[in-house]
Amino acid sequence: MIGVWGALAGAIVLLLVLLAWARAEASSKDSRSDWGASDQEQGESVESCSLKIVSQLFSAPDSKFISGLESPGLENLFRRERTAVALHWVQETSATISRILQRHLEASRLSSDLEIAMEARILLQYVRLKLNCGILFALIHLLGPQRLAGAALHTERLTQRIGEALREFQSAAQLREPDGAGTP
Amino acid sequence: MLSLIIWWSGIALESILLVRGLQAKLWARYPVFYAYILFVWLQSLLRFSIFHSRPQYYSAVYWITEGLGVLVGCAVVFEIYRVGLAAYPGTARMARNLLGFIFVLASTKALVGAWNDPQWWLISTTMDLEQVLRIVQALAIVALIALFFSYSIPCGKNLRGVLLGYGLFIVESVVWLTFVPLAGAKFHQFWYQLHPAFYFVILGVWLAHLWSYLPSPDPERAVRLEAQYQRVAAATAQRLREARGYLAKAVRS
């Protein structure tokens with residue numbers, strides 16, 4: 001009924017997952033007591049950049065101004081610096097997206113009315129944003145940040161929107177379950 | 001002689017596991033798992049006695065008990081889900097729906113396949129059915145571990161042992177069921193040597209993890225509340241010390 005390779009692949013995947021899980025469980029056993037504190041520290045840094053900064057970072061006028069000075073060295077330096085900052089922004093945004101999802105998962109695991117459709121939608125949105133970041137990262141390397149203002153602003157807006165939506169979702173869930181949903 | 005020793009050693013280890021389960025009252029927390037171990041223990045005794053007293057019935061007894069074992073194994077997977085996600089009702093409900101759907105789908109497919117096959121009682125078809133159900137169990141375990149990973153759900157030592165041991169057992173079963181119809185006598189001989197060693201490893205994992213009861217870690221909310229409480233208590237103690245200091249100064253002056 002099931003092919004040899006399919007069955008073997010299933011067995012190997014299960015074995016690898018089991019070993020990875022056992023290893024992760026063993027290594028996280030000691031650090032578990034610090035989870036609460038580290039989460040709070042992480043919680044402070046979930047905020048992302050403002051749209052204004054992103055728009056300035058990816059805008060063309062600065063580049064035009066530097067080009068107007070007709071100094072190739074300065075232009076090169078400016079381009080290098082701007083590219084580095086833009087790449088750093090992409091990495092930070094990607095990390096922020098991961099932190100937002102992590103916080104959502106940690107908060108929602110205790111929720112009593114978790115919906116598959118909603119969780120799948122959030123996961124898809126997360127994958128889409130991560131993909132955006134990956135594409136942006138590659139394009140910044142290839143084209144430089146100046147031509148990507150639209151894409152960067154779109155990613156930033158989406159990140160902010162998903163962050164706000166999840167925050168509202170969590171506060172609504174907390175209001176609905178004030179005394180702990182996990183207790184029988 | 002060696003096969004006899006292996007047979008009796010397996011039965012002895014299963015007995016120790018059952019006795020420890022009773023002594024540590026673990027059977028009340030994992031009733032289906034211990035029912036499964038009891039079933040395997042009885043199955044080993046039955047197969048052993050049939051093999052030596054009425055070998056002509058051995059094949060029939062083997063496949064009937066094997067089929068029953070697969071069904072009880074499905075219940076073990078459900079119990080692992082139940083215990084692992086007990087403190088996470090939303091995640092548990094989501095997982096239950098998905099798991100139920102996967103089991104119904106796989107069982108329907110297997111039953112339809114068996115119904116369409118006029119010789120469905122043949123050993124090869126029984127093995128196919130078992131393989132399908134074992135693969136479904138493997139998928140269910142992978143899905144559960146993915147849930148544990150993604151929702152950062154901590155797992156107690158006992159449950160970790162049940163899951164790890166049973167997962168290894170499923171891996172071994174799937175490999176065995178895949179290669180048995182294809183491989184020749186040499187592979188069978190090789191596997192008959194390897195199988196008991198693997199089974200002892202599984203029993204060892206269960207014994208090491210289920211020797212005594214260890215509660216699963218509480219959900220993080222409790223940890224946070226505790227931490228908040230301790231922070232408030234420490235701040236209050238500090239303020240009281242300061243107030244006492246001021247009072248002492250005021251009294252002295």
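Modeller: pLDDT is the predictor's confidence in each residue, from 0 to 100. Chain B has a mean pLDDT of 82, with 81% of its residues at 70 or more. This is a predicted model, in which local features need pLDDT of at least 70 and side-chain atom pairs count only at pLDDT 80 or more, while totals for chains, interfaces and linings use all residues. Residues are numbered from 1 along each chain as its sequence is written, and chains are lettered from A and ligands numbered from 1 in the order in which they are written.

Biologist: What is the average pLDDT of chain A, and which helix of chain A has the lowest confidence?

Modeller: Chain A averages a pLDDT of 76, and 78% of its residues score at least 70. Within chain A, the lowest confidence is in helix 2, at a mean of 45, and the highest is in helix 6, at 86. Residues 33–45 of chain A stay under 50 and have 9 contacts beyond four places in sequence in the model. Residues 178–184 of chain A are also below 50, with 10 contacts beyond near neighbours in sequence. Where pLDDT is low, the predicted coordinates should not be read in detail. For the model as a whole, ipTM is 0.73 and pTM is 0.68.

Biologist: What makes up the secondary structure of chain A and of chain B?

Modeller: Helices (DSSP runs of H or I, at least four residues) and strands (E, at least two) are numbered from the N terminus. By that rule chain A has 7 helices and 0 strands, and chain B has 8 helices and 0 strands.

Biologist: How do you know which residues of chain A are in contact with chain B?

Modeller: Two residues are in contact if their C-beta atoms, placed from the backbone, lie within 7 Å. On that basis 32 residues of chain A are in contact with 43 residues of chain B. On the chain A side, helix 1 (4–31), helix 2 (35–44), helix 5 (72–108) and helix 6 (116–143) each supply at least two residues. Helix 1 of chain A gives the most, with 13 residues. That side of chain A divides into 19 nonpolar residues, 7 polar and 6 charged (Ala, Val, Leu, Ile, Met, Phe, Trp, Tyr, Cys and Pro count as nonpolar, Asp, Glu, Lys and Arg as charged, and the others, Gly among them, as polar).

Biologist: Why is helix 6 of chain B called roughly antiparallel to helix 7 of chain B?

Modeller: The axes of helix 6 (residues 157–179) and helix 7 (residues 185–209) of chain B come within 8 Å and cross at roughly 170°. Angles over 145 degrees count as roughly antiparallel, under 35 as roughly parallel, 65 to 115 as roughly perpendicular and the rest as oblique; therefore helix 6 of chain B is roughly antiparallel to helix 7 of chain B. Axes here are lines fitted to C-alpha atoms, for helices over the stretch in contact, with angles from 0 to 180 degrees between N-to-C directions. Residues of this contact include B:Leu164, B:Leu168 and B:Trp176 of helix 6 and B:Trp191, B:Val201 and B:Val205 of helix 7. The contact divides into 13 nonpolar residues, 4 polar and 3 charged.

Biologist: Why is B:Leu168 called buried?

Modeller: A residue is buried if 20 or more other C-beta atoms lie within 10 Å of its own, exposed if 12 or fewer, and partly exposed in between, with C-beta atoms placed from the backbone. B:Leu168 has 20 such atoms within 10 Å, so B:Leu168 is buried. This residue lies in helix 6 of chain B. Leaving aside neighbours within four places in sequence, B:Leu168 is in contact with A:Leu18, B:Val201, B:Ile202 and B:Val205. B:Leu168 and B:Ala138 are 30 residues apart in sequence, and their C-alpha atoms are 9.6 Å apart in space.

Biologist: What share of each chain is buried, and what is known of helix 4 of chain A?

Modeller: Buried residues make up 21% of the 184 residues in chain A and 30% of the 253 residues in chain B. Helix 4 (residues 61–68) of chain A is hardly covered, with 0 buried residues among its 8.

Biologist: What makes a set of residues a nonpolar core, and which residues of the largest one touch the most other members?

Modeller: A nonpolar core is a set of buried Ala, Val, Leu, Ile, Met, Phe, Trp, Tyr and Cys residues joined through C-beta atoms within 7 Å. The largest holds 57 residues, of which B:Ile80, B:Ile141, B:Leu144, B:Ile170 and B:Val174 touch the most other members. Among the elements that give two or more residues to this core are helix 1 of chain A and helix 7 of chain B. Helix 6 of chain B gives the most, with 13 residues. A second, separate core of 16 residues includes A:Leu57, A:Phe58, A:Val90 and A:Ile162.
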